[in-house]
Amino acid sequence: MAAIHVPVLLRETLQALDLSPGLTVVDGTVGGGGHSRHIYPQIQPDGILIGLDRDPRMLQHAATVVPSERSHLCHSSYHELPNVLRELKLDAVDRIVLDLGLSSDQLADRDRGFGFSTTGPLDMRFDVSQGESAAALLARATSEQIATIFHEFGEERFSRQIADQIVRQRRSSPIETASDLVAAIDSALPASIKHEARKAPATRVFQALRIAVNRELEHLQQALQHGLYESLRPGGRLVVITFHSLEDRLVKLAFRDETRWHSLHKKPISPSPQEIRINPRSRSAKLRVAVKQSTVASASPR
Ligand SMILES: C[S@@+](CC[C@H](N)C(=O)[O-])C[C@H]1O[C@@H](n2cnc3c(N)ncnc32)[C@H](O)[C@@H]1O
């Protein structure tokens, strides 16, 4: 089945990657292959594409659009890239792209609990074989811990009230589905908040929970410091698309280290008004690109 997700900043990503035949490219968040399907032909006849995803269902989507001849689709987190390369017997790669967060296919999947308009179980894990679901986290954590997640990862101003309501509600019935959580958020918000404005706190709370459940910021920071940097050849490029300020800040700070990276633009690249009109999901996207500094004089950029 083909993916419904529309790749964000596609033209800008391909430009930033500066592709040519023979390169080895990692798509660290391959999703449904929206970017990879366009990267693959540009590196042939002898290039290699490595696509990673924590979600096996997304890898199935990617396999329908990325030719298998010179590609490897691997169930792995991008922060574990060095292990993947070791298994593939590759030393280093020329390009890495990350398109962070969640795909529209995951959001639309009723069994995953990513979207607040779904009724399914509140799971939210990209990789359901690992870690704790959002429902398990909300059943176990203290009100303070829950409020901290909503505040830090969602910048939600009613964090404390929503967390208290979750803890009150779970005493009589557990928060097991996306609609249970929506109901808790709704009863915690002051009545003065109008119908349409009530969606914004729900969006922020769902985003915060997803970030916490998947330890997204931890993995990104670790990858920027170690896995991605170590896996890239000197002169190679890292392109990162982020969807909220917490992620973008980590990338911006990492790229500021001029002993490691040469950032190609002062400001991040944003989608055009036309792209935002066609694909509203792209509106908060920011793309940053940096070249890994050549510390060894003989390492020539490719
Ligand atoms: C925005 S989607 C990528 C969409 C893809 N670029 C496309 O256009 O089809 C993000 C993907 O990253 C995956 N993901 C999230 N965190 C990850 C991680 N740490 N390592 C690998 N994949 C991850 C998600 O499962 C999701 O499929």
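**The ligand and its surroundings**

Modeller: The ligand is surrounded by 25 residues, and the closest are G34, H35, D53, D99 and Q106 (a residue is near a molecule if one of its heavy atoms lies within 4 Å of it). This is a predicted model, in which local features need pLDDT of at least 70, side-chain atom pairs count only at pLDDT 80 or more, and totals for chains, interfaces and linings use all residues. Residues are numbered from 1 along each chain as its sequence is written, and side-chain values use heavy atoms, with hydrogens and water left out.

The shell around the ligand comprises seven nonpolar, 13 polar and five charged residues; here Ala, Val, Leu, Ile, Met, Phe, Trp, Tyr, Cys and Pro count as nonpolar, Asp, Glu, Lys and Arg as charged, and the others, Gly among them, as polar.

A polar backbone atom of G34 is 2.8 Å from an oxygen atom of the ligand. For G32, a backbone N or O atom lies 3.3 Å from a ligand oxygen atom, while for R54 a backbone N or O atom lies 3.3 Å from a nitrogen atom of the ligand. Of the 610 Å² of accessible area that the ligand has on its own, the protein covers 98% (Shrake-Rupley method, 1.4 Å probe).

Note on methods. A polar contact is a pair of N or O atoms within 3.5 Å; within protein, one must be able to donate a hydrogen and the other to accept it, and residues adjacent in sequence count only if both atoms are side-chain atoms.
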